[in-house]
Amino acid sequence: MNVEDLYQEIILDHYRAKHHSGLRDAYEAEVHHVNPSCGDEVTLRLHVEDGAVADVSYEGVGCSISQASTSVMTDLVIGKSVDEGLSLHQEFLTLMQGRGQVEPDEERLEDGIAFAGVAKFPARVKCALLGWSAFKDAAVRVSADQKEEV
Amino acid sequence: MTTHAEYPAVVEPEELEGAQALLAEEPIPFDVEAIRADFPILERTTPDGRPLVYLDSANTSQKPRCVVEAIEDHYLSHNANVARAMHLLGAEATEAFESSRAVIADFVGAASSEEIIFTKNASEALNLCAHSLGASLRPGDEIVVSVMEHHSNIVPWQLLAERTGATLRWFDVTEEGRLDVEGGLASGLINERTKIVSITYVSNVLGTVNPVAQVAAAAHAHGATVVLDASQAVPQMAVDVQALGADLVAFTGHKMVGPTGIGVLWGRYDLLASLPPFLGGGEMIETVRMTGSTFAPPPHRFEAGTPPIAQAVGLAAAARYLSELGMDQVAAHEHLITAYALEGMASVPGLKILGPSTAVERGGAISFTLVNHDGEQIHPHDVSQLLDSRGIAVRGGHHCARPLHERFGVQSSTRASSYLYTKTSEIDALVDALTYVVGFFSRPPRGR
């Protein structure tokens, strides 16, 4: 396994210049996720308007894979419906758990396809999923709160 | 690009006599190549044909052939349960298990083999201390640890404090990564309320060797019991448990060329005899009635259930192996390699060592952080992944010592740790690869 498969330029670009990073004020859910094996952490806020992801803001410490993956995730889900965001989470999860056997859909995952190589490094899959798991958690919480209000 | 010019030339075992400039007046310990021949795993190569450079021995050590063969021979020729089977194999297995206890007692200088308790690892040994020793704690009592402890010497005491209402306090460390004994004692950290002091002998992150006797004397002066986590010490240096000043000493088998699945707790016999059991079950009892039970004397009181029998046999083989080499020689080699590594690593731009930067009162674990040319931290996961692509095994993360990392204001670190089979050319490979890592993560963005 070539380490260059893992460190795609797209990943390094997102790592060096993270999209949508920083915590912003408007949000309905804030979650804090930790990867206990390495201590990587992310605090993520989700802002939903009319069933659509209006903003995802975050702050965290972590490796290039976890940071870049969170950056790519925000690009993908902001502006989409929460349901579509959750569906993208599922698609990315399937890619990560595919041990390199799953062919990613570039139309859907865009820069996220650069993480296909991560699936061949089982120890790093958790890194790539940190931000995505936080997003899913936040989305589920917002949905639950909204149901209670209804 | 290499940095060879910036530190002494590679020293191979056969050339060691010429390495006096680096090694000052130290005696030359042993032939590392001959030792490596005992560890078949060190001959492995990576899928792309690079030699494997194993620098993760503080995590777990590799095993010599004799340890694996001792375990194999036990299972294939002497296997039975111990202390209950009234037959030939049962007698052989019991004899093997109990004589292994005697070997370990001898290895660490215990007064008798009854002072050696086998556990499943050092964590269990420390949990045993927290439960049995901690059973008498009351609200207001104090337990003292240090901020440099492994989680296994923090969490059991936190749980004990929660159960009993006792208070957990801790020693700080100095900026250089030494235990701040002076500061702790001056602030009354150890006082008449202190019941237990539990510290590490050698830090698994900083490598620091702690002044155990000084801390133990302060603790004993106030009637406290001293527990020592010697997991990183027993593999690296000659340890005489009776001379340390501690009352209970925990260590693990797998870091001292022994198998996983076995740890050791040594305790002064009179202390052990005064403590209640930890886990209940078979083997640890004297008489069981439905209305209550009485318990076996130490060490069996603390060994509920079928113990790690084959592991004990393997651990005894490991102790014999180390004794044959001589623990003073092992320590001398560790010191040599550590000094060599500290010097080489200091030549890597952007590398900062956590803990003492000289090989004085220092073990072989070297943790560090790395920044790229722009001064940005390179995450230890990324460092260790790139090192792995060059066949170099290190550990990245908080090394089960998150509070210590927090103390130094870093989220995590990368750790290279050597052992008796480590050669200087492997340190050279590490230093080379670290320079490559810094370059890799310093490439400018493409400006998408």
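Student: How many helices and strands does chain B have?
Tutor: In this predicted model, chain B contains 15 helices and 16 strands. Its radius of gyration is 23 Å, close to the 22 Å that the globule rule gives for 448 residues, so chain B is as compact as a globular protein of that length. The C-alpha trace of chain B spans about 75 × 55 × 50 Å along its principal axes.

Student: And what percentage of chain B is buried?
Tutor: Of the 448 residues in chain B, 52% are buried. As for its contacts, if one takes those between residues at least 6 apart in sequence, 70% join residues at least 24 apart.

Student: What about confidence, and where in chain B is the pLDDT below 50?
Tutor: For chain B the mean pLDDT is 92, with 93% of its residues reaching 70 or more. The pLDDT is below 50 over residues 1-25 of chain B, although this stretch has 27 contacts in the model beyond near neighbours in sequence. Where pLDDT is low, the predicted coordinates should not be read in detail. The model as a whole scores ipTM 0.84 and pTM 0.89.

Student: Which domains is chain B divided into?
Tutor: Domain 1 of chain B covers 4-60 + 326-440, and domain 2 covers 66-324. Their C-alpha centres lie 29 Å apart, and 25 residues of domain 1 are in contact with 27 residues of domain 2.

Student: Which element gives the largest share of the domain 1 side there?
Tutor: That is α12(B), with 5 residues, while α12, β12 and α14 of chain B each supply at least two residues to that side. By class, the domain 1 side that touches domain 2 has 12 nonpolar, 6 polar and 7 charged residues.

Student: Switching to the other chain, how many residues of chain B are in contact with chain A?
Tutor: There are 15 residues of chain B in contact with 14 residues of chain A. On the chain B side, α13 (380-389) and β15 (395-397) are the elements that give two or more residues, and α13(B) gives the most, with 5 residues. The residues of that side divide into 2 nonpolar, 9 polar and 4 charged.

Key: Residues are numbered from 1 along each chain as its sequence is written. Chains are lettered from A and ligands numbered from 1 in the order in which they are written. This is a predicted model: local features need pLDDT of at least 70, side-chain atom pairs count only at pLDDT 80 or more; totals for chains, interfaces and linings use all residues. pLDDT is the predictor's confidence in each residue, from 0 to 100. Two residues are in contact if their C-beta atoms, placed from the backbone, lie within 7 Å. Helices (H or I, at least four residues) and strands (E, at least two) are DSSP runs, numbered from the N terminus. Ala, Val, Leu, Ile, Met, Phe, Trp, Tyr, Cys and Pro count as nonpolar, Asp, Glu, Lys and Arg as charged, and the others, Gly among them, as polar. The radius of gyration is taken over C-alpha atoms; the globule rule is 2.2 Å times the number of residues to the power 0.38. A residue is buried if 20 or more other C-beta atoms lie within 10 Å of its own, exposed if 12 or fewer, and partly exposed in between; C-beta atoms are placed from the backbone. Domain bounds come from an automatic or database domain assignment.
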